[in-house]
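I opened the notebook to go through one structure and write down what I looked up. The entries follow in the order I made them.

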Amino acid sequence: MVRRGTGQALLYLHGIDGLTRWPEGLGELESSFEIVAPSAPGFGNSSGLGHLEDVHDVAIFYQDLLDALHLKEVAVVGHSLGGMFAAELAAAAPSRVSKLILVAPFGLWLDESPVADLVGALRKNRIAMAWGNPAGAAALLAPPASDEEALERDLVETQHLISSGKFLWGVPDHGLRKRLHRITAKTLVVWGNDDAVMGPRYGEVFASRISGSELRVIPRCGHQVIDEQPLVFSRMATDFLHNR
Amino acid sequence: MKFGYFHLMPYAYLPADFRDRYTSSWVTVPNALFDPEKGHHLFNRYLDELEYAEQVGFDDLGVNEHHMSAYGQMSSPNLMAMALARRTTRANLLVMGASITLYDPPIRVAEEVALLDVVSGGRVKMGFPVGISMDLNYAYGMPPAIAREKYEEALELILRAWSAKEPFSWNGRFTKLRHVNLWARPIQKPHPPLWAPGGNSVETWDICAKHDMAYAFFTFSNWRKGVPSVEGYFETMDKAGKPFNPYRAGTSVICGVSETDAAAETDYQEAGDYLFRSLLHVDPTFLEAPGFRSVHSKRYFAQRGQDRAKNWSVQSDRGWLASLKAGTVIAGSPETVAQQLYEMSKTLKVGHLMMQLHFGNMSAELTRKNATLFAKEVIPRLRGLWSEYEDHWSPRPLPAEDRAVAGRHAGGDAPSGTGEPVGTVAVWCPE
């Protein structure tokens with residue numbers, strides 16, 4: 001669990017990379033919010049993946065976590081895999097989520113533009129799929145300094161993909177569509193215009209099924225929104241969370 | 001030493017430019033390339049070839065399971081084994097193997113294997129692989145995070161179902177059944193001998209130890225690269241208190257026998273090139289899903305210099321001659337082949353050789369020649385190996401005189417007998 005910043009508590013649910021990087025866009029929020037960022041079970045040093053069979057278990061898990069943190073009600077930001085988890089939490093326990101920002105969340109499937117297989121792709125293809133601007137992924141693409149480093153990097157990434165894959169493998173649709181109407185939190189849906197995993201049309205469908213929600217599509221931006229457009233994202237998020 | 005004739009039943013008619021025009025022979029291979037009429041003749045020919053293998057003296061007739069692939073077309077190995085059960089009388093049905101992870105509920109596999117064992121008179125030699133990533137994770141969409149756990153639960157359920165004498169309920173994580181009650185139960189007690197085909201996972205050895213299953217491993221590279229797999233396996237067995245026995249291990253070999261070493265280079269070149277460059281032209285995306293091997297297994301094999309996906313890609317770039325040079329295949333005169341198989345078997349300590357003597361787009365004529373030469377000239381030279389050990393992992397069928405003969409039970413004339421093994425057994429083992 002990482003806790004950074006000061007101010008109103010903000011639960012951040014990460015994407016398929018876990019918390020290997022602290023996205024620049026979150027850094028921008030630290031001056032106004034205390035970001036509570038748990039590593040999900042199966043990511044980083046967090047155990048417990050075996051206890052989560054499905055998204056319903058995940059929704060219970062995060063309610064348990066909020067209980068343990070004595071957070072009765074909290075604003076939630078979820079990206080990618082974490083976006084799906086955030087939506088499921090907000091739908092299962094509407095009173096626990098004060099405001100919700102869904103950043104390119106998984107959870108829907110459109111036959112006319114199927115979700116790309118991010119988790120099942122070769123590494124170089126996965127990075128190309130996730131990042132609208134490959135320059136942003138330079139660190140990921142840099143060759144490791146040694147065989148040992150390459151192995152360790154590979155094993156950490158493999159574990160994160162195993163954990164992500166538990167929920168995203170194959171056709172990542174676990175019925176969220178029929179639960180979105182339960183979300184009462186004021187919701188902002190954020191999408192990168194060039195998201196190659198799921199296009200902005202997914203954002204439209206999310207927004208259309210969450211009443212009172214708003215969709216913002218960011219130009220020159222892929223799936224890794226918070227990394228790729230940190231300033232645009234943080235300004236958008238800050239305005240939304242402060243009711244502006 | 002036991003010898004299996006292991007057929008993969010590949011599609012023989014991929015276009016010559018397949019490798020250039022298409023990205024994969026597996027998962028995304030366009031099924032418009034499958035001609036059902038050609039398939040009709042091909043599958044029937046392949047079944048004939050397996051029956052011939054019994055006639056010339058192979059112990060086991062091998063089939064297996066693959067999906068969405070031109071490389072191996074048997075999406076149901078149990079169906080193929082049943083076809084053989086009726087037209088063979090002596091050889092074992094080596095189903096290497098049937099997926100228990102991908103069948104829901106897994107008792108369907110228990111039932112089918114029981115049917116096979118009953119109809120064949122107790123000749124089933126059964127493999128339960130966790131599976132290859134192309135089939136398991138991509139074709140049938142099993143998330144890597146749960147595949148092995150699902151396999152283990154299915155195995156427990158199947159073993160219980162085979163031996164239960166009364167109905168029971170099963171409240172598992174993946175399968176929940178109020179009534180589990182196999183009507184047709186296997187002839188072999190407690191069940192057909194079980195094998196775990198694998199090669200990439202440390203966890204498979206633990207399963208073998210727990211259930212006393214034999215281990216069949218496959219590499220698509222020089223057989224020496226299989227040493228870490230087999231060493232780790234025997235080490236695990238030793239730690240589990242299982243006495244050493246080479247019959248608890250087997251391996252598969254692509255093999256071509258000709259009159260001379262030089263002839264083997266040319267005789268099998270077309271078929272070998274087709275196998276490696278077309279049939280094994282698999283989109284690398286599908287070779288290893290993240291989590292197909294656990295993090296633990298990845299680390300174990302990486303530390304022993306093994307990179308499975310890399311092996312595969314390297315191998316697919318090679319043709320027959322390069323593969324022969326690299327030791328991925330064994331080919332030559334009967335003496336050469338016997339010598340190399342002897343060395344391999346002694347080093348790896350395997351008591352079962354599952355020979356791939358048909359491969360690629362090999363003609364019917366060459367297939368028959370290879371099977372015949374191997375049976376007549378190679379098997380006798382190796383048969384005596386490991387004779388000091390007892391094989392507990394081959395079937396114990398009903399005695400021949402107690403077994404049904406197809407065609408004799410519904411009235412009418414008896415059919416002509418099946419062939420007897422060709423040649424005598426000459427025991428020859430260099431020491």
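**Entry 1: the model**

I noted at the start that this is a predicted model. Every value below is therefore computed from a prediction, with local features needing pLDDT of at least 70.

**Entry 2**

I looked up how much area the two chains bury. Chain A and chain B bury about 1,500 Å² between them, and 67% of that is on carbon and sulfur atoms. A:Leu155, A:Ile162 and A:Trp169 supply 39% of the area that chain A buries against chain B, more than any other three residues.

Next I checked how many residues take part. Chain A puts 18 residues into the contact, and chain B also puts in 18 residues.

I went on to the polar side of the interface. The rule finds 3 salt bridges across it and 6 residue pairs in polar contact. Helix 6 of chain A (residues 147-168) gives the largest share of chain A's side, 10 residues. Sorted by class, that side of chain A has 8 nonpolar, 5 polar and 5 charged residues.

I picked out one salt bridge by name. B:Arg299 and A:Glu152 meet through their side chains at 2.8 Å, N to O.

**Entry 3: the cores**

I looked for the largest nonpolar core and found one of 196 residues. The residues with the most contacts inside it are B:Phe58, B:Phe128, B:Trp162, B:Leu341 and B:Phe374. Helix 6 of chain B (residues 144-163) gives the most to this core, with 10 residues.

**Entry 4: A:His223**

Is A:His223 buried or exposed? A:His223 is buried, because its relative accessible area is 0% and the cut-off for buried is under 20%. I located A:His223 in the loop between strand 7 (214-218) and helix 8 (225-228) of chain A. Not counting residues up to four places away in sequence, A:His223 touches A:His79, A:Ser80, A:Ala104, A:Phe106, A:Leu118, A:Met129, A:Ala130, A:Asp195, A:Val197, A:Met198 and A:Glu228.

**Entry 5: B:Ile187**

I found B:Ile187 in the loop between strand 6 (176-180) and strand 7 (194-198) of chain B. B:Ile187 is partly exposed, with a relative accessible area of 25%. Beyond residues up to four places away in sequence, B:Ile187 touches B:Asp117, B:Val118, B:Gly121, B:Gly122 and B:Leu398. I also looked up its distance to B:Leu115: B:Ile187 and B:Leu115 are 72 residues apart in sequence and 9.3 Å apart in space, C-alpha to C-alpha.

**Entry 6: salt bridges**

The structure holds 30 salt bridges over all chains. Side chains of opposite charge can pair when their charged atoms come close. I went through some of the pairs.

A:Arg201 forms a salt bridge with A:Glu204, the closest N and O atoms being 2.9 Å apart. How are the two placed in helix 7 of chain A? They are 3 residues apart in that helix (residues 200-209), so about one helical turn separates them. A:Arg201 is partly exposed at 41% relative accessible area, and A:Glu204 is partly exposed at 40%.

B:Lys150 and B:Asp104 meet in a salt bridge at 2.8 Å, N to O. This pair links distant parts of the chain, 46 residues apart: B:Lys150 is in helix 6 of chain B, B:Asp104 in the loop between strand 3 (92-96) and helix 4 (107-120). B:Lys150 is buried, with a relative accessible area of 8%, whereas B:Asp104 counts as exposed at 54%.

B:Asp267 forms a salt bridge with B:Lys369, with the closest N and O atoms 3.1 Å apart. This pair too links distant parts of the chain, 102 residues apart, from helix 9 (residues 261-267) to helix 15 (residues 364-382) of chain B. B:Asp267 is partly exposed at 28% relative accessible area, and B:Lys369 is partly exposed at 27%.

Last, I noted a network of salt bridges that links A:Asp17, A:Arg21 and A:Asp227.

Notes. Residues numbered from 1 in each chain as written. Chains lettered and ligands numbered in written order. Predicted model: local features only at pLDDT ≥ 70, side-chain atom pairs only at ≥ 80, totals over all residues. Heavy atoms only, no water. Helix = DSSP H or I, 4+ residues; strand = E, 2+ residues; numbered from the N terminus. Buried < 20%, exposed > 50% of the residue type's maximum accessible area, 1.4 Å probe, protein only. Contact = heavy atoms within 4.5 Å. Buried area = accessible area lost by both parts, 1.4 Å probe. Salt bridge = Lys/Arg side-chain N within 4 Å of Asp/Glu carboxyl O. Polar contact = N/O pair within 3.5 Å; in protein donor to acceptor, adjacent residues only side chain to side chain. Nonpolar A, V, L, I, M, F, W, Y, C, P; charged D, E, K, R; others polar. Core = buried A, V, L, I, M, F, W, Y, C linked by side-chain atoms within 4.5 Å.
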